[in-house]
Amino acid sequence: MSNESWNFECLKRGHHIMGILNVTPDSFSDGGKYCDPERAFRRAIEMTDEGASIIDIGGESTRPGSEPVTESLEMDRIIPLIERISREIGVVISVDTCKSVVAREAVKAGARIINDISGLTFDPNMIPAAAELNVPVVIMHIKGTPKNMQVSPQYGNVVAEVSEHLRKQAEKARSAGIREIIVDPGFGFGKRLEDNFQLLKHLDQFRFPDCPLLVGTSRKSFLGSLFGLPPDQRMEGTLATNIWALLQGATIFRVHDVSAVNRALLITRAITEAS
């Protein structure tokens, strides 16, 4: 999916791979791997060739316990890369940020989606900025902040609470003029092991009208918890959860391992669509 063929409606059907490109020194899985601008650009080309229709670029780690970075540092990391990818590759770019100033500059540089892990809650200026920029917004659920989100998170009914929060945030965004909304339950963001599996089991509860469902389980710690595996050994869990999510109605899949997940989803769709 190129910038030229970009259409929000297409995100509501089929499957779309959102390739993760963290240009940070401290992200949980690939921190430091793509800090070099040339290496990051080559990775964007590689993911596009492997089947990614969206590249999600982030300049601030949101791993558990991480500290926020300044707007200027975040922009220094991502804006030149967004400009180059937009100019030379043409793939749809998503900016992974919860800062309205960064979002504005990223869209100006060529980003077409704002992916806000705070669900439009950390920066009071994000909602009016997104409405003015008139681009799709990913509203994700998070309990707490990246710094403290995994410090004993508690829920009465995680599915009901996360669903209700996302509904309210989507309504708030629509009332402010944001027309194109994507929802994300926020796997691993303020969730216990059992919370993540409950959310997966009941993903059908997050199929809101006119809101594509994004799932981001790639290499997350809950996938390694059952076996004590590090991030680079969580491929099977990543594949299993993304296949399950596709069967439950998700259409956007945020992943590190683009080729493997894309192939698995293509095979799953071939099975489900067979006559």
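Colleague: Let's start with α2 and α3. How do they lie to each other?

Modeller: In this predicted model, α2 and α3 are roughly parallel to each other. Their axes cross at roughly 15 degrees, and angles under 35 degrees count as roughly parallel.

Colleague: Which residues are in α2 and α3, and within what distance do the axes come?

Modeller: Helix α2 covers residues 71-88 and helix α3 covers residues 100-109. Their axes come within 9 Å.

Colleague: And is the crossing of α2 and α3 right-handed or left-handed?

Modeller: Right-handed for α2 and α3. On the α2 side, the contact uses Glu71, Glu74, Met75, Ile78, Ile79, Ile82, Glu83 and Ser86. From α3 come Val101, Val102, Glu105, Ala106 and Ala109.

Colleague: How do the residues of that α2 and α3 contact divide, nonpolar, polar and charged?

Modeller: Eight are nonpolar, one is polar and four are charged.

Colleague: Which residues make the contact of α3 and α4?

Modeller: α3 brings Ser100, Ala103, Arg104 and Val107, while α4 brings Met126, Ala129, Glu132 and Leu133. By type, the residues of this contact are five nonpolar, one polar and two charged.

Colleague: Now α8 and α9. At what angle do they pack?

Modeller: About 35 degrees, with the axes of α8 (residues 235-247) and α9 (residues 258-272) 10 Å apart. The crossing of α8 and α9 is right-handed.

Colleague: Who makes the contact of α8 and α9?

Modeller: From α8 you have Met235, Thr238, Leu239, Asn242, Ile243, Leu246 and Leu247. α9 puts in Ala260, Val261, Ala264, Leu265, Thr268, Arg269 and Thr272. The residues of that contact split into nine nonpolar, four polar and one charged.

Colleague: New topic, aromatics. How many aromatic pairs does the count come to?

Modeller: Two aromatic pairs. One of them is Phe187 with Phe222, a stacked pair with 6.3 Å centre to centre and 25 degrees between the planes.

Colleague: What does the pair of Phe187 and Phe222 tie together?

Modeller: Phe187 sits in the loop between β6 (181-184) and α6 (193-201), and Phe222 is in helix α7 (residues 221-225), so the pair ties together parts that are 35 residues apart in sequence. Phe187 counts as buried because its relative accessibility is 1%. Phe222, at 3% relative accessibility, counts as buried too.

Colleague: And Phe197 with Phe222, why is that pair edge-to-face?

Modeller: Because the planes of Phe197 and Phe222 stand at 80 degrees, with the ring centres 5.3 Å apart, and planes over 60 degrees apart count as edge-to-face. This pair links distant parts of the chain, with Phe197 in helix α6 and Phe222 in helix α7, 25 residues apart. Phe197 itself is partly exposed, at 32% relative accessible area.

Colleague: What do the ring pairs link up into?

Modeller: A cluster of Phe187, Phe197 and Phe222.

Colleague: What about the phi of Arg219?

Modeller: Arg219 has a positive phi of about 60 degrees and is not a glycine either. Look for Arg219 in the loop between β7 (214-215) and α7.

Colleague: Is Arg219 buried or exposed?

Modeller: Buried, with a relative accessible area of 17%, since the cut-off for buried is under 20%.

Technical notes: Residues numbered from 1 in each chain as written. Predicted model: local features only at pLDDT ≥ 70, side-chain atom pairs only at ≥ 80, totals over all residues. Heavy atoms only, no water. Axes fitted to C-alpha atoms, helices over the stretch in contact; angles between N-to-C directions. Helix = DSSP H or I, 4+ residues; strand = E, 2+ residues; numbered from the N terminus. Parallel < 35°, antiparallel > 145°, perpendicular 65-115°, else oblique. Left-handed = near helix turned anticlockwise from the far one by under 90°. Contact = heavy atoms within 4.5 Å. Nonpolar A, V, L, I, M, F, W, Y, C, P; charged D, E, K, R; others polar. Phe/Tyr/Trp six-rings, centres within 6.5 Å; stacked < 30°, edge-to-face > 60°. Buried < 20%, exposed > 50% of the residue type's maximum accessible area, 1.4 Å probe, protein only.
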